[in-house]
Amino acid sequence: MNVTVRAAAKINLHLGVGAPRGDGFHPLTSVYQAIGLCDDVTASDDESGWDLRLQVSDWIDAGAVPVDSGNIVTRAASLLARHHGIASDGHLLIEKAIPVAGGLAGGSADAAAALVALDRLWDAQTSDEDLLAIAAELGSDVPFALLGGTALGTGRGELVTPLADAGTWWWVLVPSLEGMSTPEVYRHFDKLFPDASPTPPPADELIAAVASGEPHRLARLLRNDLQAAAIDLRPDLGLLLDEGEEEGALRGLVSGSGPTCVFLCESADHARDLAGALMRRGHGIVLVANGAVAGAHIVGGNHG
Ligand code: C5P
């Protein structure tokens with residue numbers, strides 16, 4: 001038997017960050033959107049034992065992804081198996097199109113996809129509530145990767161609530177060949193903003209803009225509190241955002257902790273034009289994706 005599950009990359013339309021909590025995590029007000037740039041995870045039990053394999057798009061550095069117990073998918077399998085008191089058996093294949101360490105929650109997408117795939121493979125019938133709790137244990141962005149769509153994230157980002165979204169939002173993405181470390185960007189945020197409020201900035205106006213479906217309105221309200229820290233560590237990102245806006249993007253934004261930069265466009269045609277312009281400026285990898293798309297869901301297999 002085998003089952004294939006697809007999970008999407010996320011961008012943060014609003015990432016409000018507060019001063020670190022006692023446990024070291026930062027309180028967030030995050031508006032997540034799942035976009036059509038996806039990893040697929042296939043789980044099969046054709047042979048016994050545990051095995052993890054990886055296939056990546058040709059522009060992704062496969063060496064940056066661990067295929068041992070350090071992979072979040074292996075941790076996802078162990079937690080789900082422990083929850084049900086069973087052995088963590090299965091062959092997993094990750095087919096990766098989401099950039100690694102890119103601020104797009106690609107690892108979280110893989111973890112969410114693995115949870116859904118193994119739940120089906122093992123016929124474990126985990127409740128949604130338990131799946132979300134296991135996801136939260138794996139990482140702050142993993143519950144959203146299960147949910148998809150457009151959603152509000154609070155706590156450290158793991159408490160997710162779906163939001164009304166009237167738009168089809170078109171994005172141009174420029175990944176970077178060199179990833180960034182999320183903890184390092186958060187540490188740099190603390191250094192730059194030692195007086196940050198313990199309460200993260202709210203997202204009410206942006207949430208209303210998402211519900212309106214109006215891209216110019218949303219563009220004005222996009223916000224990422226980690227952007228200054230990411231650009232301070234990687235000044236090239238600031239130049240890239242300027243380039244995208246010069247070429248006509250409604251707004252450019254660093255995605256999450258970076259380094260991927262995303263540019264909001266008015267329409268599919270506008271996104272394709274902007275992507276072409278950025279490629280002519282010498283950016284090798286430029287992607288177009290729209291949102292919001294579904295969270296982790298089964299797309300194939302012979303799972304019955
Ligand atoms: O939850 P996750 O494992 O994705 O977090 C990775 C790292 O990012 C954490 O160890 C922490 O350094 C930082 N982080 C944070 N506050 C959050 C989420 C992540 O400081 N809300």
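Domain bounds here come from an automatic or database domain assignment. The model is predicted, so local features need pLDDT of at least 70 and side-chain atom pairs count only at pLDDT 80 or more, while totals for chains, interfaces and linings use all residues. Residues are numbered from 1 along each chain as its sequence is written, and side-chain values use heavy atoms, with hydrogens and water left out.

View 1. Domain 1 (2-163) and domain 2 (169-291) each give at least three residues to the lining of the largest pocket. A pocket is an open set of points on a 1 Å grid over the protein atoms alone, with protein on both sides within 12 Å along at least five of seven lines; lining residues have an atom within 4 Å of a point. The volume is about 1000 Å³, counted as the space filled by probe spheres set on points joined across faces, edges and corners. Ser108, Asp141, Thr182, Pro183 and Ser257 are the closest to the pocket's centre among its 41 lining residues. Helix α2 (106-121) brings the largest share, four residues. By class, the lining has 18 nonpolar, 17 polar and six charged residues; Ala, Val, Leu, Ile, Met, Phe, Trp, Tyr, Cys and Pro count as nonpolar, Asp, Glu, Lys and Arg as charged, and the others, Gly among them, as polar.

View 2. Look for Val116, Asp119, Arg120, Asp128, Leu131, Leu132, Leu146, Leu147 and Ile298 around it.

**View 3. One cavity of 30 Å³ or more is found in the structure.** A cavity is a set of points where a 1.4 Å probe fits but cannot get out. The largest cavity holds about 50 Å³ of space. Its lining includes Ala8, Lys10, Asp141 and Phe144. Strand β1 gives the largest share, three residues.

**View 4. Thr260 sits in the loop between β9 (251-254) and β10 (261-265).** Thr260 counts as buried because its relative accessibility is 1%, where buried means under 20% (1.4 Å probe, protein chains only). Its side chain reaches the backbone oxygen of Gly102 at 2.7 Å. Leaving aside residues up to four places away in sequence, Thr260 touches Gly102, Leu104, Leu173, Val174, Pro175, Leu253, Val254 and Ser255, with contact meaning heavy atoms within 4.5 Å.

Note on methods
Helix = DSSP H or I, 4+ residues; strand = E, 2+ residues; numbered from the N terminus. Buried < 20%, exposed > 50% of the residue type's maximum accessible area, 1.4 Å probe, protein only. Polar contact = N/O pair within 3.5 Å; in protein donor to acceptor, adjacent residues only side chain to side chain.
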